[in-house]
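Good morning, colleagues. Please look at the sequence and the structure on the screen, and I shall then go through its sheets and helices.

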Amino acid sequence: METISTTDRPLITIVGILGKQGRSVAQTLLQNGGYRLRGITRRLDSPEALKLSKQGVSLLDIPLTLGYKNDFVEAFRGSDSVFLMTPNIAPPQDHEQELGKQLADAAVEAGVKHIIFSSLENVDQISQGKKFAPHFTDKAKIEEYIRTLPIKSTFIYMAFFYTNLLEFYTPRIQGDTLVFPMYLPKDFRAPFVDPLTATGPAVLEILSKPDQYNGKSLPVIGDFISPQEMVDTFVRVTGKKAVYSAACTREEMLYHFPEYRTNDILVREILGMTTFAVEYGYFRNERDLEWSRKVNPHSLTWEQFLHQSGWQGQKITF
């Protein structure tokens, strides 16, 4: 049987390769073995970067910010596909749209055949300006721009991250009980996902059928679950006492997270995102909500995520 020579394997460049989504894409494609990988990160000397280098990933140090378009063109040159994502640009910074367009333009200029971009719904358009969630809307506008370019493109839409609870909305200890401050109403069932294990399989599927997925916007979901169900499942899996506590209004959010008082725009954005999901739905009605679980039956439910991660309620930084 003939084996594919190293240079015959398609080259995929991953922007933000050490982020949750980028890391997942890299791990999946490395396990698959059918691709050469290049990654962009600022942390070339981190343990994760050194591990990827040992696995044959070529890493480049380019800041993921404005003003580096020529560097991105060179980084993307020779790539068959690029996985693009814009970093978590928190208010009051607002350059996400411009950065996304710069990355897409660089891919076209470098002769890349296919862009896969991590996008989201256009909250501003769907809510007719009633909801403020620029980190959704800006991605949607980058997607709109990419669709005008002379290049194949596919878009993944990640659900709410399980990891948000571990990293940003960590339970507080009150006596012998963990209090879960949740940004969604107690019984509202929302789409959630583990970005660390679900992003890669979705991207691999798209890479394997680029023509079939050209122009598609595809949700990536692990579970539909309510905050109360999440807490009940946590209690069942860990044996710890835990309760839900609402962080759905400005007052509730600032009660649980007083450090946010200094950044009112961020509070507006979090509440804009969550009330949008409740009132309009996280995804548009026409989206295929079954797609990611069909192509990846191993996508983790919340219960599976708790078992696999071993999380016991402590704060974790990724």
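At what angle do helix H1 and helix H8 pack, and how far apart are their axes? Before I answer, please note that this is a predicted model, in which local features need pLDDT of at least 70 and side-chain atom pairs count only at pLDDT 80 or more, while totals for chains, interfaces and linings use all residues. Residues are numbered from 1 along each chain as its sequence is written, and side-chain values use heavy atoms, with hydrogens and water left out.

Helix H1 (residues 20-32) and helix H8 (residues 195-208) pack at about 55 degrees, and their axes are 7 Å apart. Axes here are lines fitted to C-alpha atoms, for helices over the stretch in contact, and angles run from 0 to 180 degrees between N-to-C directions. Helices (H or I, at least four residues) and strands (E, at least two) are DSSP runs, numbered from the N terminus. The angle makes H1 oblique to H8; under 35 degrees counts as roughly parallel, over 145 as roughly antiparallel, 65 to 115 as roughly perpendicular, and the rest as oblique.

Which residues meet there? On the H1 side they include Lys20, Val25 and Leu29, and on the H8 side Pro195, Val203 and Leu207 are among them. Contact means heavy atoms within 4.5 Å. The residues of this contact divide into 9 nonpolar, 8 polar and 1 charged. In that division Ala, Val, Leu, Ile, Met, Phe, Trp, Tyr, Cys and Pro are nonpolar, Asp, Glu, Lys and Arg are charged, and the others, Gly among them, are polar.

I turn to the sheets.

Thr137 lies in H6. Is Thr137 buried or exposed? At 6% relative accessibility Thr137 is buried, where buried means under 20% relative accessible area, exposed over 50%, and partly exposed in between (1.4 Å probe, protein chains only).

A further open sheet has 3 strands, ordered S8-S9-S13, with mixed pairing.

Definitions and conventions: Pairing = 2+ DSSP bridges.
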